[in-house]
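Open the model in your viewer and keep the selection tool at hand. This tour goes stop by stop.

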Amino acid sequence: MTTIHGVVPLPTDYDHVYAFDITGNLDATGMGEMGQILNAAFDSQPGKINVLLRFKDFDDSDAGVGINLSAIKAQMRSLTHIARYAVVGAPEGASGMISFFNHIIPVDARTFDAAEEQAAWDFVNVAQNVA
């Protein structure tokens with residue numbers, strides 16, 4: 001697959017799992033494209049979905065991605081449409097933020113080091129059918 005402004009959709013083995021590579025080229029357009037994919041998934045899946053983000057060649061200095069309406073909509077809808085959220089190889093700041101928000105939002109969010117990628121896939125490949 002090709003990069004969409006820093007977002008590369010990844011193939012998955014299950015309909016309820018959506019995965020993306022996130023690169024240092026990520027920009028507001030890429031965030032919007034990913035938001036559109038997730039919003040379509042929220043509309044088409046009967047239950048909650050699981051999401052895996054795998055960071056590649058990304059660091060804290062790449063975090064100024066900008067704002068996109070589709071991305072914001074997907075972020076808000078994710079609170080009720082995502083069951084499990086895994087992040088692999090996140091920059092230090094992002095990893096801490098995910099750990100913090102995991103305690104206050106109704107999504108089981110976990111971070112994994114790059115070496116733990118298989119554990120992240122195992123985490124999101126759990127069957128979901130939570131309405």
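## Stop 1: two rings

The structure holds one aromatic pair. Rings of Phe, Tyr and Trp (its six-membered ring) pair if their centres lie within 6.5 Å; planes under 30 degrees apart count as stacked, over 60 as edge-to-face and the rest as tilted. Select phenylalanine 112 and phenylalanine 123: their pair is tilted, with 6.0 Å from centre to centre and 50 degrees between the planes. Phenylalanine 112 sits in strand S5 (residues 108–112) and phenylalanine 123 in helix H4 (residues 117–124), so this pair, 11 residues apart, links distant parts of the chain.

Phenylalanine 112 counts as buried because its relative accessibility is 12%. Phenylalanine 123 is buried too, at 5%.

A word on the model. It is predicted: local features need pLDDT of at least 70, side-chain atom pairs count only at pLDDT 80 or more, and totals for chains, interfaces and linings use all residues. Residues are numbered from 1 along each chain as its sequence is written, and side-chain values use heavy atoms, with hydrogens and water left out.

## Stop 2: the whole chain

Zoom out. The protein chain has four helices and five strands. Helices (H or I, at least four residues) and strands (E, at least two) are DSSP runs, numbered from the N terminus. Trace the elements from the N terminus: they run β-β-α-β-α-β-α-β-α. Of the 131 residues, 44% count as buried.

Contact means heavy atoms within 4.5 Å. Among contacts between residues at least 6 apart in sequence, 73% join residues at least 24 apart.

## Stop 3

Select residues 17–22. This is strand S2, and six of its six residues are buried. In a regular strand the side chains alternate between the two faces of the sheet. Both faces of S2 are covered. Val17, Ala19 and Asp21 are on one side; Tyr18, Phe20 and Ile22 are on the other.

Which strands pair with S2? Two strands pair if DSSP finds at least two bridges between them. Strand S1 (residues 7–10) pairs with S2 in the antiparallel sense, over four bridges. Leucine 10 stands opposite alanine 19. A hairpin of six residues joins S1 to S2.

S2 and S3 pair in the parallel sense over six bridges. Here alanine 19 stands opposite leucine 52. From S2 the chain crosses through helix H1 (residues 28–44) to S3, and this β-α-β crossover is right-handed. That term applies if, with the strands pointing away from the viewer, the path from the first strand over the helix to the second runs clockwise.

## Stop 3: histidine 16

Select histidine 16, in the loop between S1 and S2. Histidine 16 counts as buried, at 9% relative accessibility. Histidine 16 and asparagine 125 are 109 residues apart in sequence and 8.2 Å apart in space, C-alpha to C-alpha.

## Stop 4: down helix H4

Go to H4. Its buried residues are Ala120, Trp121, Phe123 and Val124. What do the buried residues of H4 pack against? They pack against S1, S2, S3, strand S4 (82–88) and S5.

## Stop 5: charged partners

Side chains of opposite charge can pair when their charged atoms come close. A salt bridge is a side-chain nitrogen of Lys or Arg within 4 Å of a carboxyl oxygen of Asp or Glu. By this rule the count is three.

Select arginine 54. Arginine 54 forms a salt bridge with aspartate 21, with the closest N and O atoms 2.5 Å apart. This pair joins strand S3 to strand S2, 33 residues apart.

Glutamate 117 forms a salt bridge with arginine 54, with the closest N and O atoms 2.6 Å apart. Helix H4 and strand S3 are linked here, by residues 63 apart.

End at aspartate 108 and arginine 110, whose salt bridge has its closest N and O atoms 3.4 Å apart. Aspartate 108 counts as partly exposed, at 24%. Arginine 110 is partly exposed as well, at 39%. Shared partners join Asp21, Arg54 and Glu117 into one network of salt bridges.

Note on methods:
Buried < 20%, exposed > 50% of the residue type's maximum accessible area, 1.4 Å probe, protein only.
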